[in-house]
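Here are a few friendly notes to read alongside the model. Please keep the viewer open as you go through the points.

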Amino acid sequence: MPDLLLIGTAPPRQTEMMEAAFTVHTLSKIEDVDAFLTSTGEAIEYVFTNGHDGVPKPIFDRLPNLKIIASNGVGYDAIDTDAANARGIIVTHTPNVLNADVANTAILLLLAVSRNLINDDAYARSGDWERDGNAPLTRSIEGSKVGILGLGRIGETIARKLGAFDCDVSYHSRSPKDVPYRYVGNLVEMAREVDALICITPGGPATEKLVNAEVMEALGPSGILINVARGSVVDEAALIDALQSGKLGFAGLDVFEREPHIPDALKAMSTVTLMPHAASATVETRQAMGDLTVNNLLQFLKDGTALTPVPECQ
């Protein structure tokens with residue numbers, strides 16, 4: 001059976017699928033990686049990885065016969081697609097199967113922040129309601145203005161679901177699309193016009209710290225920033241400063257600059273709702289993602305094609 005390198009982890013279901021067709025080498029279980037690459041690197045033709053771990057360059061460079069990198073996730077900024085293309089290596093990802101749950105999480109965070117869910121939960125549990133009376137009023141998202149940064153597949157799903165709340169949706173992306181939402185070519189301008197900004201643009205150098213201090217100040221002291229994209233998209237230091245100074249009102253964050261590290265300043269603020277990069281982390285979606293990742297490998301094994309290559313490899 002052909003040799004496959006597993007970088008990161010795979011659930012038992014997908015591990016069994018791979019072991020039925022490949023000789024699987026799990027990177028985390030290899031004691032001497034250098035010795036392994038020396039002895040087995042030339043045999044590795046397949047890689048199963050994820051959008052966070054990617055394929056580190058010291059490993060990538062020592063897999064001369066690598067044919068396909070299957071990434072378990074829609075984001076793949078940790079994989080050097082230019083280097084893969086130069087060597088004729090196909091890179092795949094898992095679009096579409098996670099659209100609904102990531103969109104649901106974005107709206108979940110928006111609702112949780114707007115309705116002060118975490119703090120109200122603590123207020124109810126602590127007995128403060130009985131002692132001090134009703135909690136402070138919160139805000140509704142019904143009919144609110146929401147800007148979406150990045151109107152790809154997930155962004156469009158978020159926009160469609162926001163229709164249930166009669167939200168006025170606008171978006172900012174590299175170029176306008178044929179969609180029933182208003183395009184705003186300047187991100188700062190859009191931030192100034194909306195009540196909440198949802199980030200769902202890809203990560204990578206092109207979007208690094210795209211949401212900067214100017215954008216946050218434009219959102220304003222009652223504005224909400226939701227990030228379900230990549231931690232790199234938001235200037236985290238500027239975010240902390242904006243929240244602490246009151247220039248920005250609230251934040252709901254699923255992703256961070258140096259995961260799994262979350263700055264203590266964000267943890268300490270009652271105006272911030274936090275999740276551990278779990279937007280797609282439902283049993284159903286993770287199974288669909290893992291199956292698609294393995295099926296990309298199996299499809300390539302069958303006929304040299306892939307089901308869902310990344311755009312750069314199409």
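What volume does the second largest pocket have?

1. The second largest pocket has a volume of about 260 Å³. A pocket here, on a 1 Å grid over the protein atoms alone, is an open set of points with protein on both sides within 12 Å along at least five of seven lines. A volume is the space filled by probe spheres set on the points, joined across faces, edges and corners.

2. A word on the basis: this is a predicted model, where local features need pLDDT of at least 70, side-chain atom pairs count only at pLDDT 80 or more, and totals for chains, interfaces and linings use all residues. Residues are numbered from 1 along each chain as its sequence is written, and side-chain values use heavy atoms, with hydrogens and water left out.

3. Back to that pocket: 17 residues line it (lining means an atom within 4 Å of a point). Val 113, Asn 116, Asn 119, Phe 250 and Ser 270 lie nearest its centre. At least two lining residues come from each of α5 (99–114), α6 (117–126) and β12 (272–274); helices (H or I, at least four residues) and strands (E, at least two) are DSSP runs, numbered from the N terminus.

4. Do look at the strands around Ala 251. β10 (224–227) and β11 (250–253) run parallel, joined by four bridges, and Leu 225 stands opposite Ala 251. β11 also pairs with β12 in the parallel sense, over three bridges, where Val 272 is the bridge partner of Ala 251. Pairing requires at least two DSSP bridges between two strands.

5. β10, helix α11 (236–245) and β11 form a right-handed β-α-β unit: with the strands pointing away from the viewer, the path from the first strand over the helix to the second runs clockwise.

6. There is one cavity of 30 Å³ or more, a cavity being a set of points where a 1.4 Å probe fits but cannot get out. The largest cavity has a volume of about 50 Å³, and its lining includes Asn 227, Glu 236 and Leu 253.

7. Leu 27 sits in the loop between β2 (23–26) and α2 (33–40). Why is Leu 27 classed as buried? Leu 27 counts as buried because its relative accessibility is 18%, and the cut-off is under 20% relative accessible area (1.4 Å probe, protein chains only). Beyond its neighbours within four places in sequence, Leu 27 is in contact (heavy atoms within 4.5 Å) with Leu 5, Leu 6, Ile 7, Val 33 and Ile 59.

Technical notes. Buried < 20%, exposed > 50% of the residue type's maximum accessible area, 1.4 Å probe, protein only.
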